[in-house]
Amino acid sequence: MATVNGRPAQYGISLKQLRDLMEVRGREAIDKINAEYSGVLNICKNLYTSPTEGLSGSQADLEHRRQTFGSNVIPPRPPKTFLQLILEAIQDVTLIILIVAAIVSLGLSFYPHGGGEEESLGHSDESESEAGWIEGLAIFISVIVVVIVTAFNDYTKERQFRGLQSKIEGEHKFAVIRNGEVEQIKVGDLVVGDICQIKYGDLLPADGICIQSNDLKVDESSLTGESDHVKKGEHSDPMLLSGTHVMEGSGKMLVSAVGVNSQAGIIFTLLGAAVDEHEKQAKAKAKNKKAGRESDGDVEQGLTGNSHAGGSAAAAVPVPATVVATDDPTAPTEPSAEVSTKKEKSVLQAKLTKLAIQIGYAGSLIAVMTVIILIVRFCITTFVVEKKAWSGFYANYFVKFLIIGVTVLVVAVPEGLPLAVTLSLAYSVKKMMKDNNLVRHLDACETMGNATAICSDKTGTLTTNRMTAVQAYVEGELYKVIRRDDSNVISKTTRETLFQSIALNSAFTSRVIPPATQQEGELPKQVGNKTECALLGYVQDLGGSYEKIREENPEETLHKVYTFNSERKSMSTVIRLPQGGFRVYTKGASEIVMKKCSFIMGAKGELKKMTKDMQDRIVREVIEPMACDGLRTLSVAYRDFVPHKAEINQVHYETEPNWEDETNIICNLTCVAIFGIEDPVRPEVPDSIKKCQKAGITVRMVTGDNINTARSIATKCGIIKPGDDSLILEGKEFNRRVRDASGQIQQHLIDKVWPKLRVLARSSPTDKYTLVKGIIDSKVNENREVVAVTGDGTNDGPALKKADVGFAMGITGTDVAKEASDIILTDDNFSSIVKAVMWGRNVYDSIAKFLQFQLTVNVVAVIVAFVGACAIEDSPLKASVVLHLLLN
């Protein structure tokens, strides 16, 4: 890197320019890179990095880049202190009324209100005057206990959440080129200017520009809501976004934005879940200037035109077009305005607040009436009947009357209610943690008890998120249930060919790892491509070992690989045979591979000619029934190239086929097997959904999958039943129905759709937000729908925030989804949501029973206190206060 006077030179491109560059896509991005920066290689030059050698890796260079462009970490908002949580807990109407009453009670108890015996209305008990402070203190202690228990619960849950985040983030590493060598570094150590190697299966940890690609396709659904994979390349769309998954191919990327400057980081900041690093740097810079010290010039350059010290993160960070691109005027086109605002009160909070206000009004009314009656009676008795002259001493009696009024008010307010609610919530939250629900906000527990609708993801929540081979057609037999015993029926020749084809013609990064523990029901972990893992699992189910086959044929010995892409819809791998020659293994979509097959392996591994009639019969009797069952069908095939000798000048050598002539290579195949694979429904889900439906909760599936797969899974789950009038829509059709002619979303149109809607397929996160908002805002039913939503993607944040209760996936969920959620499902399982409903209703039952008891006692105590006060007799008043304090 160039230096000036021993100091690092300023870069040829600023942080603001890089951020602006990452907001364009496709052809627009290519035109901007070429027009403004003369190509991506010139951007590398401006960042003092080499596309082939990468950065030097020197600590001084890396640190300077972090100071200028930021670190690849998203600093979280500092957790709330215990004092802040106490201040939040104290903002409860009931507690405020009690605090005011306690202060007044304590203040008046120390005021000398006794009178001479000759002028007293009755005999005053001196001990009573001395002990008058006890009631106020008792109320204060009750309030303190409630506040501390509430704050402690919130503090504990926040710490558990932070711990879960640290555990999930772990030691994630990424491949970069530094000083010409490929090395694995922690994602937090990435800096702008790094050259990263990216390949199929990677989760991109930073924004970047593609400088070399090979059939590269990326799944951007977690960030942009686009369900289709996006083709990336130097000449198509070079912009790669953090938080997205590489689904096909490989390539190299120039890191252009990290941390809070990346697209995922910007959304994180907009959600109020991260500290804006520029704001922090600008404040530090201002502080240094004040102290007479100038900050580094490059830091200033990095902030040029992009500094927003003193402003909120949401107001200052520009919103990327891809994140909020939508023609929905009701969608959060300014996420900061929508998702950073505080959620409205939960249903129980709203009801208890309303009850507390009503009790406060009733108690205040009775207290005021008591004071007025006492004052009027005293004035009539003293000044009218007895005709005494006014004396300043009589003010003591008015103070005493006021104390009696406060006592009546305190008796009316159920100060035990906040404590009962808090303890009930705390108990339920503790139990929910055991049921894999990490409750981040205490009130989410009771809100779930009121839930009337659940909008659930499919993959991983209703299903296992594990593609599994559930049917197989081998040697002319259809196996609808795959068992280990099948290996005894399938011939050795077919079995070995099938195992080798699956093991070698899959990405070597795809693996099936045994479960960490031997607990009953725990399944092996799938790493890499789920479809390939399904086939590798089949090999294991039949007693084979794909690891052993790979050890005998390392990846570097593979002769040629035709990677999977949307045009081929298949993947092929060429290997050298020990006896000479080559074998091509092919797997892919059945309708594609079967057309290229001329033979099929029959009984005992014998090759049979595949006639047109046989092919039609297999399609009709095998492939179509699998598809009707919602299965994805894959065919596995192979072809051998027998060696032959060519003689030129008496030199013998093996001739190879022209591997570039793919059409003539992938043909005349021999079909080995046809598989039906699916992401199976979790075994406990149908029963859980049945429980929800019995409890009056409507379950809706919102998924990005195609409508046929979604319908099949929804039927298996019990979300839809044959013959009912449930509505199943794709995202496009849903948008067509809920928008008017001008493209604006209308509530009355949504109200025609959502009551019968059960499955929303091919949907984007924007569609999910629209549906959730439409259900919540609907006035179709007398009582408002209380909606729970599950989400795992970055762009699910607005929907999770909008929902009454947001559930994030603890395993597959992104950081943004978890931060926007109220409850984290540590096992990504729908049945855990049902348990959350159960414990939420338990809170309601507990509080309802307590209120029945509490209000009965309070009404009796208030009547006794009122009668006693009006009679100017101490015993009833004392009795009511003692009764009240004992029972509270």
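The legends below describe the whole chain and several close-up views of a predicted model.

Local features are given where pLDDT is at least 70 and side-chain atom pairs at pLDDT 80 or more, while totals for chains, interfaces and linings use all residues. Residues are numbered from 1 along each chain as its sequence is written, and side-chain values use heavy atoms, with hydrogens and water left out.

**Figure 1. Overview of the chain.** The chain has 35 helices and 30 strands; helices (H or I, at least four residues) and strands (E, at least two) are DSSP runs, numbered from the N terminus. Of the 888 residues, 52% are buried. Buried means under 20% relative accessible area, exposed means over 50%, and partly exposed lies in between (1.4 Å probe, protein chains only). The chain exposes about 40,500 Å², and carbon and sulfur atoms supply 55% of this area. Accessible areas come from the Shrake-Rupley method with a 1.4 Å probe; for residues, only the protein chains shown count as cover. Among contacts (heavy atoms within 4.5 Å) between residues at least 6 apart in sequence, 73% join residues at least 24 apart.

Figure 2. pLDDT is the predictor's confidence in each residue, from 0 to 100. The chain averages 77, and 78% of the residues score at least 70. Over residues 113–125 pLDDT stays under 50, and the model has 23 contacts beyond four places in sequence for this segment. Residues 288–343 also stay under 50, with 118 contacts beyond four places in sequence.

**Figure 3. Arg-65 in helix H4.** Helix H4 covers residues 59–69 and contains Arg-65. Arg-65 counts as buried because its relative accessibility is 0%. Its side chain reaches the backbone oxygen of Tyr-48 at 3.1 Å.

**Figure 4. Two residues with positive phi.** Most residues other than glycine have a negative phi. Lys-387 has a positive phi near 55° and is not a glycine. Lys-387 lies in the loop between helix H16 (347–385) and helix H17 (395–412), and is exposed, with a relative accessible area of 68%. Glu-475, also not a glycine, has a positive phi of about 50°. The loop that holds Glu-475 runs between strand S12 (468–474) and strand S13 (477–479). Glu-475 counts as buried, at 11% relative accessibility.

**Figure 5. A nonpolar surface patch.** Val-368, Ile-372, Val-376, Ile-380, Val-384 and Val-385 form a nonpolar patch on the surface, with about 520 Å² of accessible area together. Patches are made of residues with over 30% relative accessible area and no salt bridge; like charges are joined within 9 Å, and nonpolar side chains (Val, Leu, Ile, Met, Phe, Trp, Tyr) within 5 Å. Ile-380 is located in helix H16 and is partly exposed, with a relative accessible area of 44%.

Figure 6. Side chains of opposite charge can pair when their charged atoms come close. A salt bridge is a side-chain nitrogen of Lys or Arg within 4 Å of a carboxyl oxygen of Asp or Glu, and the structure holds 22 of them. One of these joins Lys-612 and Asp-616 at 3.1 Å, N to O. Lys-612 and Asp-616 are four residues apart in helix H25 (residues 612–628), so about one helical turn separates them. Lys-612 is exposed, with a relative accessible area of 56%, whereas Asp-616 is partly exposed, at 32%. In another salt bridge, the closest N and O atoms of Lys-691 and Asp-687 are 3.8 Å apart. This pair is four residues apart in helix H27 (residues 685–694), so Lys-691 and Asp-687 are separated by about one helical turn. Lys-691 is partly exposed, at 48% relative accessible area, and Asp-687 is partly exposed, at 42%.

**Figure 7. A salt bridge between two loops.** Arg-784 forms a salt bridge with Asp-804, with the closest N and O atoms 2.6 Å apart. Arg-784 lies in the loop between helix H31 (765–777) and strand S28 (787–791), and Asp-804 in the loop between helix H32 (797–802) and strand S29 (805–809), so the pair ties together parts that are 20 residues apart in sequence. Arg-784 is partly exposed, at 31% relative accessibility, whereas Asp-804 counts as buried, at 15%.

**Figure 8. A salt-bridge network.** A network of salt bridges links Glu-220, Lys-232 and Asp-237.

How values were computed. A polar contact is a pair of N or O atoms within 3.5 Å; within protein, one must be able to donate a hydrogen and the other to accept it, and residues adjacent in sequence count only if both atoms are side-chain atoms.
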